[in-house]
Amino acid sequence: FSGQLMSWVELPYFTSCYLVLPAVFLCIEKAHRSSAIRKLAWSVGAGIFLAWSWLSGHPQYVIYTHILLSVYWIIREWSVFRTHQTRVRAWILISFVCVMVISYIGGYPQIQSILHANTSSSRSTGLQLTDYWSDALYPQDIIHFFSPFFHIQGVPFSGLNLYIGILPLVLLVCGFMLRKKIIAATNNSTVIHFFSYTFLFSFVYSFKYSPVAYLFYYAPLFSAFRNVSRMMFLGEFATAILLAFTIDYLITHKEEVRLSCTRILQWGRRIFFYVMLPVSAAITVVYAFYTDRVALYIWEYFIHHRSAPLSFPSEHYLTLIRSYVVENLGQVILYHKEMIILTFFLIATYLLFVTWERLTTKALANSIIILTLANFVAVYATHFSSIPLSVYTNTPQSVTSIRALADAQARVYTVLPGQTIYSALNAECSTSSGS
């Protein structure tokens, strides 16, 4: 689960990439632990999944997957390649080439379509930095780790949602704190270090005006990508891998929760009781009894300190300011839905950690799954709405508009039946123009 996945859930070519990425890395890990023919067989599997990603996924995410896969492959196989004989080295190289060749052959139709589309779009010369930075993270977006829909009128927030759930967030922090112990217990330092740095790189890269992202803008391919925050696609996958190692370690070493995670629980309890609840209670009182006074005070300040004549009656601005005050303060009052969800799952997470050592392995695993699932259901249950069947069955407005353009070139974006409609439209336009 992740906020970004939930944001893209209505677009299959985004969500399919989230399904392909774990399958590809499973095949690569199996290939690394196998030899000769089995290594080649797992590599073929990875190549098939990558080819599928070309045909079903968003090109930007697909290329991100190929880059991460290549780096991971090199890091995992380097020690073997450096110390073993020529025959083993040959199998490693053949397997890697096999993955990329199968990916290219299977994805060739889509790859050609992408390259053809780029010649008639702004990507032929590279996107501007403004497009590259679009939807990037801001420092204030960090609050979305706790409350995914929090916003303040007039303050920019990214469209990307960083939410991973309250319990997974706490476990991720514990995982970074216990990283050395987890490495010692699992003897898997390469994988843990790789995904730790992948998460940190993706997170830093996703911020607006990040020096890391700015440098990559001048690297091949990256100048053709929009929305640097999409790099968190890899960051969230790395988060899932790190959480798996952390949960496995804490379940098999239950005493570590008491020995090493107590500090996190103590600080969390202090912040909850001495900061979060008092602030929310104070804002609740202001919201309930003083909303109009606060709005009137801001309105008076605005009227007496404006630098230009008013374009509308002053009462209009009072109404507008009051709506902003109600909307902004209403998000953090004690009885707001998101505050109730946040409070409930903070308490539930705390109680789970307190009783961690007394629970059986099965009970712990089930509790983690149920708590995380319930968290996302509570947050996103009312986030989605149904789409009328006519949207899927009727000819899109974009196609109707293109037919009216005669010989002008245009690109079509539609929902599920888009490919069929586009093919028919393309044939129609080709016949009418004689090309």
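Buried means under 20% relative accessible area, exposed over 50%, and partly exposed in between, with a 1.4 Å probe and protein chains only. This is a predicted model: local features need pLDDT of at least 70, side-chain atom pairs count only at pLDDT 80 or more, and totals for chains, interfaces and linings use all residues. Residues are numbered from 1 along each chain as its sequence is written, and side-chain values use heavy atoms, without hydrogens and water.

Q: Why is tyrosine 209 called exposed?
A: Its relative accessibility is 59%. Exposed means over 50%, so tyrosine 209 counts as exposed.

Q: Why is aspartate 135 called partly exposed?
A: Aspartate 135 has 33% relative accessibility.

Q: What is the phi of tyrosine 209, and where is the residue found?
A: Tyrosine 209 has a positive phi of about 65° and is not a glycine. Most residues other than glycine have a negative phi. Tyrosine 209 is in the loop between helix H9 (189-205) and helix H10 (211-217); helices are DSSP runs of H or I, at least four residues, and are numbered from the N terminus.

Q: Which residues make the contact of H8 with H9?
A: The axes of helix H8 (residues 179-186) and H9 come within 9 Å and cross at roughly 150°; axes are lines fitted to C-alpha atoms over the stretch in contact, with angles from 0 to 180 degrees between N-to-C directions. Arg179, Ile182, Ile183 and Thr186 of H8 meet Ser189, Ile192, His193 and Ser196 of H9, where contact means heavy atoms within 4.5 Å.

Note on methods
Helices (H or I, at least four residues) and strands (E, at least two) are DSSP runs, numbered from the N terminus.
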